[in-house]
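Please read it alongside the sequence and the coordinates.

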Amino acid sequence: HMQNADGSFPAIPIGGESDMRFIFCAAAICTMLDDWNGMDVESAVQYIRDSQSYDGGIGLAPGLEAHGGPTYCAVAALALMGRLSAIRDLPGLVSWCLARQVSGMQGRTNKPPDSCYTFWIGATLHLLEFDDLLDHDALHQFCLQCQCPEIGGFSKFPDTYPDLLHTYYSLCGFSLMKKEPGFLPLDWALGITKRASGRQVEGHGPPISLQDEKRTLAFFLFLFLFLFPVLLLVRLLLGLLQPFNKDLGLVHKCHIALILSFLHGPSQNSIL
């Protein structure tokens with residue numbers, strides 16, 4: 001119901017902006033929910049195709065200047081839709097992205113390099129399988145120059161104050177460059193780790209599913225509503241029998257044996 005006639009999506013139902021950012025948001029939501037009924041994919045794909053500029057990059061909307069942010073949003077959305085083959089001018093797009101490297105990555109033509117575009121442009125090239133054409137050494141050095149030695153974190157430009165956004169996307173860039181150890185593989189189309197997105201990664205499993213959470217909740221409900229009261233009742237009964245039993249040690253052994261039988265089942269070597 002949110003999609004416009006031209007294939008774009010607005011930020012809010014009435015009166016909001018409609019551009020490439022929200023096509024990506026819609027595609028990401030559809031992917032996470034595994035439900036594409038809320039999107040006319042072909043209409044969204046056409047909107048993306050119409051937004052590719054004469055120089056190869058992609059703008060926020062048809063006719064607007066190519067920019068690194070909407071270029072990533074467009075390519076990532078197409079990747080989530082399984083429609084990367086629909087890009088109108090792939091050589092032009094790759095050429096435009098590669099031309100954005102001037103030591104670090106710039107977001108637009110004739111702009112200074114900015115650490116966050118390490119991800120926006122780098123991830124775009126990775127999704128297109130052309131990131132090996134980047135100068136990873138120069139990119140790595142630029143990101144290191146943006147790190148603040150006093151308080152940590154990464155800034156937009158060298159010698160400025162760091163912030164969370166540029167810190168996150170600089171770290172994503174390190175995952176792309178593979179110059180630093182310990183970074184988890186990314187789900188480049190969602191901008192998060194594969195572990196977080198739920199896709200299988202070597203050495204890491206998917207997150208707990210809703211079904212697993214339901215089983216876990218049912219187990220604890222069983223413990224609190226049934227098993228614990230039963231064990232408490234057994235303990236009370238054994239306490240009442242203690243005055244009539246000369247061998248108190250035997251009572252304790254029975255108590256332990258009953259608990260073990262609940263947990264492990266009967267055993268041939270039971271102390272009973």
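## Pockets, a helix and an aromatic cluster

P185 is found in the loop between α7 and β7, where helices (H or I, at least four residues) and strands (E, at least two) are DSSP runs numbered from the N terminus. The model is a predicted one, in which local features need pLDDT of at least 70 and side-chain atom pairs count only at pLDDT 80 or more, while totals for chains, interfaces and linings use all residues. Residues are numbered from 1 along each chain as its sequence is written, and side-chain values use heavy atoms, with hydrogens and water left out.

The C-alpha atom of P185 is separated by 6.7 Å from that of S175, although the two residues are ten apart along the chain. The loop between α7 (164–177) and β7 (186–187) also holds K178, a residue other than glycine with a positive phi near 55°. With a relative accessible area of 70%, K178 is exposed.

A pocket is here an open set of points on a 1 Å grid over the protein atoms alone, where a 1.4 Å probe fits and protein lies on both sides within 12 Å along at least five of seven lines; lining residues have an atom within 4 Å of a point. The largest pocket holds about 240 Å³ of space, the volume being the space filled by probe spheres set on the points, which are joined across faces, edges and corners. At least two lining residues come from each of α7 and β7, and the largest share, three residues, is that of α7.

Helix α1 (residues 20–33) has 14 residues and should span 20 Å at 1.5 Å a residue, which agrees with the 20 Å between its end C-alpha atoms; the expected span is 1.5 Å times one less than the number of residues. The buried residues of α1 are M20, F22, I23, F24, A26, A27, A28 and C30, and what covers them includes β1 (9–10), β2 (18–19), α2 (41–50) and α3 (68–81). After α1 comes D34, with a positive phi near 55°.

The second largest pocket holds about 190 Å³ of space, and α1 gives the most to its lining, with six residues. Among the lining residues are F9, P10, F22, A26, C30 and L33.

The two linings can be set side by side by residue class, with Ala, Val, Leu, Ile, Met, Phe, Trp, Tyr, Cys and Pro counted as nonpolar, Asp, Glu, Lys and Arg as charged, and the others, Gly among them, as polar.

| Pocket | Volume | Lining residues by class |
|---|---|---|
| Largest pocket | about 240 Å³ | seven nonpolar, two polar, five charged |
| Second largest pocket | about 190 Å³ | nine nonpolar, one polar, one charged |

### Buried threonines and ring pairs

T124 lies in helix α5 (residues 117–127) and is buried, with a relative accessible area of 0%. Leaving aside neighbours within four places in sequence, T124 is in contact (heavy atoms within 4.5 Å) with T71, Y72, V75, C97 and F119. T71, in helix α3, is likewise buried at a relative accessible area of 0%, and beyond its neighbours within four places in sequence its contacts are G57, I58, L93, W96, C97 and T124.

A search of the whole structure finds ten aromatic pairs. The rings of F119 and W188 form a stacked pair, because their centres are 6.1 Å apart and their planes at 20°. F119 lies in helix α5 and W188 in the loop between β7 and β8 (192–193), so the pair ties together parts that are 69 residues apart in sequence. Rings of Phe, Tyr and Trp (its six-membered ring) pair if their centres lie within 6.5 Å, and planes under 30 degrees apart count as stacked, over 60 as edge-to-face and the rest as tilted. F119 is buried at 1% relative accessibility, and W188 is buried at 10%. Ring pairs link F119 and W188 with F24, Y72, W120, Y168 and Y169 into a cluster.

Key: Buried means under 20% relative accessible area, exposed over 50%, partly exposed in between (1.4 Å probe, protein chains only).
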